[in-house]
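Morning, everyone. Please look at the model on the screen, and I'll take you through its pockets and one surface patch.

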Amino acid sequence: MLGDESGATPLATVAEEESLTVVLPVAQAEELGLAVEAVFTCITLGVHSALDSVGLTATVSTALAERGLLCNVIAGYHHDHLLVPAHQAETALGLLEGLAQR
C-alpha cells in the first residue's frame, strides 16, 4: 500500500508481525487514506549521536518523563529524532534547550 509510487516521504517505518507503522506528515497520511492514530511533532537533536553511544536516549527520555512528557525516539545514523505529542512540543523543546545548556 505504501510503495515508492505513493510519493510518501516517511520519517520512519517499523515492520512488525501485526502491522506496519509509518511515521509521515499528517497531510500525506490523509492523501493516502491512511488512519492517523496520533499527531506528534518531531524534534531532531542537533548533536551528532553515534549509534554506539551510551546515555543520550536515557538522559533525554528521563528528563522528559520527569515532567510527564511522552516521547518516542527514532535513532538515525547521525541524529536522534524525538516524537512528542504536538500539544506538548513547546514544553518539550524548552526542556531540551535547558538540558543542552547544562
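I'll start with the ground rules, then the fold, the pockets and the patch.

This is a predicted model, where local features need pLDDT of at least 70, side-chain atom pairs count only at pLDDT 80 or more, and totals for chains, interfaces and linings use all residues. Residues are numbered from 1 along each chain as its sequence is written, and side-chain values use heavy atoms, with hydrogens and water left out.

Fold first. The protein has three helices and five strands. Helices (H or I, at least four residues) and strands (E, at least two) are DSSP runs, numbered from the N terminus. Along the sequence, the pattern reads β-β-α-β-α-β-β-α. Of the 102 residues, 25% count as buried. Buried means under 20% relative accessible area, exposed over 50%, and partly exposed in between, with a 1.4 Å probe and protein chains only.

Now the pockets. On a 1 Å grid over the protein atoms alone, a pocket is an open set of points where a 1.4 Å probe fits, with protein on both sides within 12 Å along at least five of seven lines; lining residues have an atom within 4 Å of a point. Volume is the space filled by probe spheres set on the points, which are joined across faces, edges and corners.

How much space lies in the largest pocket? About 800 Å³. It has 24 lining residues, and Thr 21, Val 22, Val 23, Leu 24 and Ala 38 are the closest to its centre. Strands S1 (12-15), S2 (20-23), S3 and S4 (72-75), plus helix H1, each give two or more residues to that lining. S2 gives the most, with four. By class, the lining has 21 nonpolar residues, two polar and one charged. Here Ala, Val, Leu, Ile, Met, Phe, Trp, Tyr, Cys and Pro count as nonpolar, Asp, Glu, Lys and Arg as charged, and the others, Gly among them, as polar.

The second largest pocket holds about 190 Å³. Its lining has 13 residues, with Leu 45, Val 60, Leu 96, Leu 99 and Ala 100 nearest the centre. S3, H2 (56-66) and H3 (89-101) each give two or more. H3 gives the most, with five. The lining has nine nonpolar, three polar and one charged residues.

Last, the surface. Val 26, Val 36 and Val 39 form a nonpolar patch, with about 200 Å² of accessible area together. Patch members have over 30% relative accessible area and no salt bridge, and nonpolar side chains are joined within 5 Å. Val 36 sits in the loop between H1 (26-31) and S3 (40-44). Val 36 counts as partly exposed because its relative accessibility is 37%. Val 36 and Val 26 are ten residues apart in sequence, and 7.0 Å apart in space, C-alpha to C-alpha.

Note on methods: Patch = residues over 30% accessible without salt bridge, like charges linked within 9 Å, V, L, I, M, F, W, Y side chains within 5 Å. Areas by Shrake-Rupley, 256 points an atom, 1.4 Å probe, with all protein chains shown as cover. Salt bridge = Lys/Arg side-chain N within 4 Å of Asp/Glu carboxyl O.
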